[in-house]
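Let's take a friendly walk through this structure, one neighbourhood at a time. Have the viewer open and follow along.

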Amino acid sequence: MAENGQYTGRIRGGSVQGIASDLDGTLARTTSEDPKDPVSWNRANEIAVARYGAEVEPRHLEGLPDGATSLDVAARLVAAVAERDASRVPAVEEMARANDEAMAGLIREHGVAPMPGAVPLLDRLTEANVPVAMVTASSSGIVDAVASAIPGLRHERFVDIVANDTEGLAQTKPAPDPYLKAAGNNGWSPGNVVALEDSSTGVASAAAAGMPLVHVTGAGPVRTRHGRMEVASLDQVTPDHLRYFGALNVPDVRTPDVSRMDKSNTKQAAPSRPLSAVIGAAPRPARAFAPTGGGSPAAAGTTPREIPAVPVHIRNVPVPQGRDRLHTVAREIGLG
C-alpha cells in the first residue's frame, strides 16, 4: 500500500471509518525547540541526564532525524552520561523512561497548549460521528499528562490510544505497527482510516500502514497529492475534507503488507487497554463516515471504477466524468 513513503492505496467504498491522530506536534505543542519554553524535550533531556550527574550538550543530539524515537534519543543521552561517569551509565530503556517521566513532570507542572485547530477539529469530528484513535510514539505517562493539561484531549475523546508502551506493540514509528494496531483494535480497514501527522517519522509510519493522511507541515497552503493532504495547521481541516478522500474511493480489496507485524497487531488482537477502563463505558462499534453529497462514483449513479490517488490521471473512468467529480468535490470543500 506504500511505495517509497507514498500512499498508493484507495479509500474503499466511499467511507472513512475513523481518524488516527498523532499526539506530539499534531494535537499538543510538546515539540517546542524554544529554549525559553519550560515544556520541551530539550528541557526533559537535561533533567533526565542530571539524574546521573551528567549534562547534555547540543552535540550529543546532532544528526537525530525528525521524529526520532524515544530510544534513539535515550541512546544519545546514555552516551552523554558515559562521557561524565562510566560507572553510572544506565540502560537505554531506563534512560528512555527517565526522559518520559521528566517530560510528563514538566507538562504537569507548567501545562501545555493544544496545537492550533486541534481541539475544534476533534469537536467537529465528534459531532459528525467520526471516531478518533490516538497513535503516539510517546509513553502512556505523557498521554496522561497531556490529558490532564488539555481538557479537549482527555482519554474519553478517543476510541483507542496506542502509545509506545502499549502491550503487544512490537515496534513503534516509523514502523507501521502502531497504526495497524489502532486499525485492528477497532475493526477498521487501514485504507479507510485517515491519519493526522506532523513528523516525517509519523508520516512514514502511516504510509507504511497503507493509510491516506493529513500532513501538518507548519507552513504553506493546502495541497493534495498521492492520497495526502498537506496543511499548515489543523485550523485548515474540517470533517468535510474527508469528502476529498471519499472522492478517491473505489471498492479496492487490497490489504497492507503485515509480514513485519507480530500477531498482536492483527484485527483479532485485544485492545491495548480496555476502553471501559479509559472512558468508563464499552468501546463504541466501528462506524463509517459516509461523505455527504455522495463521495463515490456509485453515489453519483455510475459504476464504481478504480480511481488512483490525486494527482495521477484518472484511469478506467470516463475522463471528463472522473475529473469533474474530483474537481467538484475539491471546490465544494475549498481545495480549488
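**A strand and its partners**

In β9, V216 has V231 as its bridge partner. Keep in mind as you look that this is a predicted model.

Within β9, M229 is the bridge partner of T224.

Now turn to the side chains of β9. Which way do they point? R228 and E230 point one way from the strand, while M229 and V231 point the other way. Are these four residues buried or exposed? All of them are buried.

Follow the chain onward from β9 and you come to S233, in the loop between β9 (228–231) and α8 (242–246). S233 has a relative accessible area of 16%, and because the cut-off for buried is under 20%, this serine counts as buried. Leaving aside residues up to four places away in sequence, S233 touches P116 and V216. That brings us back to V216, the bridge partner of V231.

Next, visit another loop, the one between β3 (18–21) and α1 (41–50), where you will find D22. With a relative accessibility of 5%, D22 is buried too.

Take a look at T136 in particular: it lies 114 residues from D22 along the chain, yet the C-alpha atoms of the two are separated by 5.1 Å.

Finish with a pair of helices. Helix α3 (residues 92–110) packs against helix α5 (residues 140–149) at an angle of about 5°, with the axes 9 Å apart. The two helices are therefore roughly parallel. On the α3 side, D100, M103, A104, I107 and R108 take part, and they meet G141, I142, D144, A145, V146 and A149 of α5. Sorted by class, this contact has seven nonpolar, one polar and three charged residues.

Definitions and conventions. Residues numbered from 1 in each chain as written. Predicted model: local features only at pLDDT ≥ 70, side-chain atom pairs only at ≥ 80, totals over all residues. Heavy atoms only, no water. Buried < 20%, exposed > 50% of the residue type's maximum accessible area, 1.4 Å probe, protein only. Contact = heavy atoms within 4.5 Å. Pairing = 2+ DSSP bridges. Axes fitted to C-alpha atoms, helices over the stretch in contact; angles between N-to-C directions. Parallel < 35°, antiparallel > 145°, perpendicular 65-115°, else oblique. Nonpolar A, V, L, I, M, F, W, Y, C, P; charged D, E, K, R; others polar.
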